[in-house]
Amino acid sequence: MTSSFGTLNTAYTGLVAARQGLAVVGDNITNATTAGYTRQEVNSTSITPAVEGTIAPTVQVGGGVSVNNVTRVDNPLLDAQVRTSSAADGYATEQSSAMNSIEAALNEPGANGLSSSLRAFWSAWQNVSTQSTSAAAASLVISAGTQVASQLAAGYTAASTQWSSTRANMNQTVATINATASQLAQLNVQIRSAAGAGNNANGLIDQANQLATTISNLSGATVRNNADGSMDVLLGGNALVSGGAVHSIAVTGATGMADAATSPVAIIFTDSPNATTAVTSGALGADLALLAPSNSSGTGGAIAQAAASYNAIATTLAGTVNAIHETGANSAGTTGLDFFAIDATKPAALGLSVIPTDASGIAAATPGAGAANGDVADRLSALTTSATGADAAWASFVVAIGTATSSATTYAATTSAASATAVTNQQAESSVDTDQETTNMLTYQHAFESAARVMTTIDSMLDTLINKTGLVGL
């Protein structure tokens, strides 16, 4: 049978457990609005009574309560879903932002778009067809052609600038990933040290979990949880963080769009510089996809493909206009004259220029029909409706960019919603409910009061037994 002093110890364990429970509840309530905090709870078990060495069976009374540990109320599956959805959202958001920038540079529809300038160019040729000897009409068509060339160059330059900006942004992203990975590795060391000493590492694990989510959003990296509470981070199947060790990454390859085809941008581990790492998710994965070189099938990097489209339109414009212009004659009867030139040392969109400087360079007439004839200029103005001309190519390009941008924007909205849902599901299980914690606080408070009452009662009984025994009747 448990002695009176044993009962005091039983009540004492109740006081300790209740006090620990109140401390955890207080911590939960205090951190109810702390980002990344995971609710904690006390895990306790009853103490099995020692079997007394008697022959006759006796009633065994429990030895009290033992506080085993304080655990995080988390769900590894929900945590993994948060990281996965965050990686997808990071990719989609970056892709959508880039596509919207490409679309904005088109200035379509609007008065400042290339389609408007092309219409003005063809209209100027129509004026020349009826005023082939007019210096003003010639000046207008030269000006309109120069405007078209200037806009194609501006579009290409915008794409090149965006490419360089995205490339520079990759360096910033990689620097952030490396810094975050270093912080996570340091936390891993602290977590292992705390676990080895039998201390509570829950707060450290919460911080590590947040850092891992940040890395996943930026790079699409996956996480492997270890039994001691630490976590390893894998990028492209290789360890970015392994315990307390960090394997940093770096960006290699072209720093300008012109070199993207011969030196593609890639991610490497600095301790293994000869091998590239596949990154297909997160903001970093989106940047890699955006910076890929263009190809003939149109499936290359979106930025380089846009630049290639500007070049193709410039080439088409020069080719179609020159093909007709060469058949005409200027006021002096000279034939074989080109209207546009393309500098072979530059991208076509940057190298496109207008050759004539005045009416003498305009070949608007059919040879032998006289200087007042404007048939060739009329044929040039008709290129506005050509199915293989610059207008059609530009319209196709604008539609393709618009469709791709709309798709990217929709996908970004979808992944954002999915990421928010994953976080909501995680918080539904792991976040602090102040109503629940208030209930727990009252429960532990009553338990503390009850254990204290038992101790007071036993103390009173022992006082009577010790100090009053033998005094009856005196």
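Predicted model: local features only at pLDDT ≥ 70, side-chain atom pairs only at ≥ 80, totals over all residues.
Residues are numbered from 1 along each chain as its sequence is written. Local features need pLDDT of at least 70, and side-chain atom pairs count only at pLDDT 80 or more, while totals for chains, interfaces and linings use all residues; side-chain values use heavy atoms, without hydrogens and water.

Helices (H or I, at least four residues) and strands (E, at least two) are DSSP runs, numbered from the N terminus. Helix 3 covers residues 114-130, 17 residues in total. Its first and last C-alpha atoms lie 25 Å apart, close to the 24 Å expected at 1.5 Å a residue. That expected span is 1.5 Å times one less than the number of residues. Several residues of helix 3 are buried, including Phe-121, Trp-122 and Trp-125. Buried means under 20% relative accessible area, exposed over 50%, and partly exposed in between (1.4 Å probe, protein chains only). The buried residues of helix 3 pack against other elements, among them helix 2 (76-106), helix 4 (135-196) and strand 10 (340-342). Contact here means heavy atoms within 4.5 Å.

Nine aromatic pairs were found in the whole structure. Rings of Phe, Tyr and Trp (its six-membered ring) pair if their centres lie within 6.5 Å; planes under 30 degrees apart count as stacked, over 60 as edge-to-face and the rest as tilted. The ring centres of Tyr-310 and Phe-397 are 5.5 Å apart and the planes stand at 75°, so this pair is edge-to-face. It links distant parts of the chain, with Tyr-310 in helix 7 and Phe-397 in helix 10, 87 residues apart. Tyr-310 is buried at 4% relative accessible area, and Phe-397 is buried at 7%. Phe-339 and Phe-340 form another edge-to-face pair, 4.9 Å centre to centre with 90° between the planes.

The whole structure holds four salt bridges. A salt bridge is a side-chain nitrogen of Lys or Arg within 4 Å of a carboxyl oxygen of Asp or Glu. Asp-206 bridges to Arg-72, with the closest N and O atoms 2.7 Å apart. Asp-206 sits in helix 5 and Arg-72 in strand 2, 134 residues apart. Both residues are buried. Salt bridges link Arg-72, Asp-74 and Asp-206 in a network. Asp-232 and Arg-224 also form a salt bridge, at 3.2 Å from N to O. Asp-232 is buried at 7% relative accessibility, whereas Arg-224 is partly exposed at 42%.
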